[in-house]
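Hi,

Here is the structure I promised to pass on. Have a look first, and my notes follow below.

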Amino acid sequence: MWRDALLVGGKDLRVEMRSRVTTTQVAPYAILVLLLFGFAFDQNHTLLSRVTPGLFWVAVLLCALLSVQRSFAVEAADGARDGLRLSGLDPAGVFLGKVAAVAVQLAALEVILGVGVVVLFGTDLTDPGLLVLSAAAATVGLAAAGVVYGMMAAGLRVRETLLPLLVLPVVAPVILGATQCWMAALGLSATDGWRWLILLGAFDAIYLTLGVVGFATLLEEA
Amino acid sequence: MNGTADRVTRVLGAASLVAVAVTAWLGLVVSPPDVTQGQLVRLIYVHPGAATACYAGFGLCALASLAYLWPRTRSRRWDRLAAASAEVGVLFCAITLVSGSIWGRGSWGVWWTWDARLTLTALLFAVFVGYLALRRTGGDPDSRARRCAIAAVMAAVLVPVDHEATTWWQTLHQGNTLLRSNPSIHGWQLVSMLASFVAYALLFSWLLVHRYRVEVLEDRFEEDGFAAALMERRAEGGVIAPAGVAPRVGAEVEL
Amino acid sequence: MDPVICFRSAVALVGRFPVLAGVDLEVAAGEIVAVAGANGAGKTSLLRACAGLLPVVAGEAWVLGEDLVSNPRAVRRRVGMLGHSSFLYDDLSVAENVRFAVRAARGSLDKVAPSLERLGLTGRLPDTPVAALSAGQRRRAAIAVLVARDPEVWLLDEPHAGLDSEHRDVLDAAVREASARGATVVLASHEHERARSLAARTVTLAGGATSVDVMSLPPRSPANVA
């Protein structure tokens, strides 16, 4: 399983490096989203710096949807599943590989977005430990849930509109938790960020397990 | 069977109607208004019952999906039950959200308070609307059934996480709770509330049975088409079929 | 010796439609069998069923000793399919695609270079992204994947389509070589001449069922079976 995961993850990342979709399309999209938030909130600096964590994670979520769509679009325009099924790869390995690839791309985007957020909204970064850990946990959670539902939607004609509808309600706790953690880490609120980190961890564990166990069925019969 | 009604559903339907009428009478006329909340407390005859019916629907959907996925108990029956209970659950979920919203409006003047339970219900609503969208996709009934069953189970697994999250979030903000457990509910208020639960239970069952039967009819329609398709397919070739013709497949149309 | 592929009254569904409606097929190891039939007769479906991609719901279907009815996934690594779509990643180069497929099938990487050479994918071609190749080159790349993986069963769906005559000969040679090494080959083709020169026998599909097991005979045109 791990061997196949490395193989698939490596392949996905290599495809990404060649096509450079993340850097040329998704990253600018993310920056644009931040700019639009600025427009929407009427340049209100005090407000923006206070809601930075939330805006950041919403932007990441939007990018995650794109990354996941791309991850499955790569598998071939028609019969997205046939290629993967015929390859003889272990489905659980395919799942983990794809999650890893999406997570890596998201992490890169988060760095860019983080810089953008500091520049545009003027936030100060303080407690780095909680910030990084919660970002990692949230990223894995978004990637895992995204890949699971991405696989489910992959073969369907309506996948572009169905995927957000399926993913967004499910990752609501991730957004909630990540935002709370970041608000605590940035000193914007007095909550116990570490408690939310545990919540994120639980979500990750659940979805990684569900994915590993269920991906074979999703790949074959769904 | 033509249509989905029979004696059972007629009895259920009549009973539901009676129960709703009784509840309405009890709730609106007989029971007194609350000391603190005034007339608004009458929503206690609408909101909790709807919420329970909603959770029952989603719970049933999740359990039926699990039963469908489990190899030993796999049967289209569970898939149909999951579909029917999800739809009925979504209906009651909408009623829950609307009644909760009205209650909030009445109590605090805002249409939405981030009450933990209401937020959780809203999340569940979104998740199951997605599930219903998933049900309408895909051509192959069996893979669609499997896909939806997995989605339902995944949603159900998340419920504890969501519950914790929304509860913590509410305590964070000392938000307003809609359903402060009110120890002073007694007398006619209690009776009316119990009546409302009975009414909701009957209504839920009635709708569920009908909706389930509609699924059965849809499946039967597909099955009947299958034998014809098999014959046509053979005829396409215009050749003698080999000895040992394949038996009719997939003729599982039980109730 | 047990046949490598054994189908008895196999029925396979896509949705509720029976694409295979009672197929009987037996192929021994090392045999090359051609499948003929009009469009829509079920040739592609038969190949997909052999690969375990199409679930068989009734009858019996055995490939390489694995029961496809209960466990279609078991044969995947041991079976290689050349289909209508190439299953190649557009953004990766030819060489990378072949290497990925070989590693996914737990094969040996030393077969990659020879297979590329065999199919005439030399010079700058191995490092060209698949998206930049012509249709014929893409087909050759897909065949190279098959040759490098060297599976026990080869399933070829219209393999000669898009190839010029030189490369058709290369393909035929590769198929014969594989068969000589003990691999079993099933190919579906509209090109009766080529198919008959390769295959020991032809099976005809019509209406999703096998009608006749034909030994080498004069060509049977599709109109005959209508």
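This is a predicted model: local features need pLDDT of at least 70, side-chain atom pairs count only at pLDDT 80 or more; totals for chains, interfaces and linings use all residues.

C:Leu171, C:Val175 and C:Ala178 are buried in H5(C). Looking down the axis of H5(C), you will find the buried residues within an arc of 65°, so they line one face of the helix. This goes with a general point: an α-helix has 3.6 residues a turn, so residues three or four places apart point the same way. On the face turned away from the buried side of H5(C) sit the exposed residues C:Ser165, C:Glu166, C:Asp169, C:Ala173 and C:Ala180.

The cover over the buried residues of H5(C) includes strands E3 (32-36), E7 (153-157) and E8 (184-188) of chain C, along with helices H4 (135-149) and H6 (192-198) of chain C. After H5(C) comes C:Gly182, with a positive phi near 105°.

I also looked at where chain A touches chain B. Chain A brings 24 residues to this contact and chain B brings 23 residues. On the chain A side, the elements that give two or more residues are helix H7 (159-170), helix H8 (172-185) and helix H9 (193-221) of chain A. H9(A) gives the most to that side, with 10 residues. By type, the chain A side has 18 nonpolar, four polar and two charged residues.

Best wishes

Note on methods: Residues are numbered from 1 along each chain as its sequence is written. Chains are lettered from A and ligands numbered from 1 in the order in which they are written. A residue is buried if 20 or more other C-beta atoms lie within 10 Å of its own, exposed if 12 or fewer, and partly exposed in between; C-beta atoms are placed from the backbone. Helices (H or I, at least four residues) and strands (E, at least two) are DSSP runs, numbered from the N terminus. The arc is that of the directions from the helix axis to the C-beta atoms. Two residues are in contact if their C-beta atoms, placed from the backbone, lie within 7 Å. Ala, Val, Leu, Ile, Met, Phe, Trp, Tyr, Cys and Pro count as nonpolar, Asp, Glu, Lys and Arg as charged, and the others, Gly among them, as polar.
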